[in-house]
Amino acid sequence: MSEGKNLVGVDIGSSSIKVAEINEKRGRRSLVSFGYHPLPGETIVDGHVMNSGAIVEGLQKLFHKQKRRDVALRVSGHSVIIKKITMPQMTAAELEEQINWEAEQHIPFDLAEVEIDWNVLSHRTEQGQMDVLLVAAKKEEINDLTNLAVEARLRPRVVDLDAFTVQNAFEAGYGAPPPDQTVVLIHVGASLTTLNILAEGTTSFTRDIANGGNQITEEIQRALGISAEEAEAYKCGGDGRGLVPREVPEVISQVVDQLAGEIQRSLDFYLATSGGVEVSRVLVSGGTANIRALLDAIERRCRVPVEQLDPLRVAQPDGKKVDPALLQARSAQAAVAFGLALRKEREKRT
Ligand SMILES: Nc1ncnc2c1ncn2[C@@H]1O[C@H](COP(=O)(O)OP(=O)(O)OP(=O)(O)O)[C@@H](O)[C@H]1O
Ligand SMILES: [Mg+2]
């Protein structure tokens, strides 16, 4: 249950900041603003902010003409643990009391250092049990992130994770999958890949792989002995004159095949341990979803149809404030910002 206006979605990634604002009126959603700001290399390393000035400056630029400053932020998966646990059936109030004790059993962090959140996924009444999704995120990283937003004169109201924001965007754009279908959402950014398996209508398995588009760029750089900027340009389709050394597609296909292999192993593990049904569909988002060879490699290895997730199914641009060329070029990267922009000022746990 949620009420109030939508928050502005602010996705501070390691390679760029993406901002999306969605209006909802009488059940109709429209995208009222979209912004993109590239960040210099090494701004965020392994989830740690190394160059806070670059982020604050980027936020100030992006929000220069933005009236609304209540935002939903995304925290990187580097310092987050997500666990699905089974507990005896209990009321919400009992769970509230019990949750810290449960977290202590399942979370390998000091509880004083983490924020705990949870969501009841399903009740298995016959067995007297329920499945609960437990999330623990390091306070330090959340505080660093919200402080940067405050420094840029924003009001952080919600902090979310890639896996859940992409799921929100998917469900809003494509509809919740039927309970008998398994759908896999894969978000591949610059430094991190997040896997979220939806089964029986809810999150059934999540996994982070510390790997993404950066690795492809680094391998191209190494193979050709060129700068990171040159390698990045080759990876994204060439130097503008269509000239790409023949090593580039070879390196790309090697690296994406490794990543697809990791993904395949995760899906195999999930299927073997959960007894779940075969995957019917895979949707890929994040900047690295622009690489068709990655989608083909996942399709080949997992033998399941793979497509790019289209965030524009969530909301179409409205008015002149959205630059269509920018949105088109960055749509794969916009999934998290769109998912964040669906969050509201006031929400209740369901
Ligand atoms: N057209 C393209 N072709 C190939 N790769 C692309 C393209 N556009 C963006 N990328 C890659 O996508 C990555 C950036 O994606 P994204 O914006 O989703 O990451 P991020 O949110 O900044 O990073 P992270 O969430 O991993 O910290 C970079 O590695 C970039 O090189
Ligand atoms: Mg990202």
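Student: Which residues in α5 meet α7?

Tutor: Happy to start there, and keep in mind that this is a predicted model. From α5, the residues are Q215, I216, E219, I220, A223 and L224, and they meet E247, V248, V251, I252 and V255 of α7. Sorted by class, the residues of this contact are 8 nonpolar, 1 polar and 2 charged.

Student: At what angle do α5 and α7 pack, and how far apart are their axes?

Tutor: The angle is about 140 degrees, and the axes lie 9 Å apart. Angles over 145 degrees would count as roughly antiparallel, so α5 is oblique to α7. The crossing of α5 past α7 is right-handed.

Student: Which helices supply at least two residues each to the shell around ligand 1?

Tutor: Those are α5, residues 213-224, and α6, residues 228-235. The most comes from α5, which gives 3 residues.

Student: Which residues come nearest to ligand 1, and how does its shell divide by class?

Tutor: Among the 22 residues around ligand 1, the nearest are G13, S14, G189, G213 and G287. As for class, the shell holds 16 polar, 4 nonpolar and 2 charged residues.

Student: Stepping back, how many helices and strands does the chain have, and what box do its C-alpha atoms fill?

Tutor: There are 10 helices and 18 strands in the chain. Along the principal axes, the C-alpha atoms fill a box of roughly 65 × 50 × 40 Å.

Student: What radius of gyration would a compact globule have with 350 residues, and what does the chain have?

Tutor: A compact globule with 350 residues would come out near 20 Å; the chain has 20 Å, so the two agree.

Note on methods. Residues numbered from 1 in each chain as written. Chains lettered and ligands numbered in written order. Predicted model: local features only at pLDDT ≥ 70, side-chain atom pairs only at ≥ 80, totals over all residues. Near = placed C-beta within 6 Å. Helix = DSSP H or I, 4+ residues; strand = E, 2+ residues; numbered from the N terminus. Nonpolar A, V, L, I, M, F, W, Y, C, P; charged D, E, K, R; others polar. Axes fitted to C-alpha atoms, helices over the stretch in contact; angles between N-to-C directions. Parallel < 35°, antiparallel > 145°, perpendicular 65-115°, else oblique. Left-handed = near helix turned anticlockwise from the far one by under 90°. Contact = placed C-beta atoms within 7 Å. Rg over C-alpha atoms; globule rule 2.2 N^0.38 Å.
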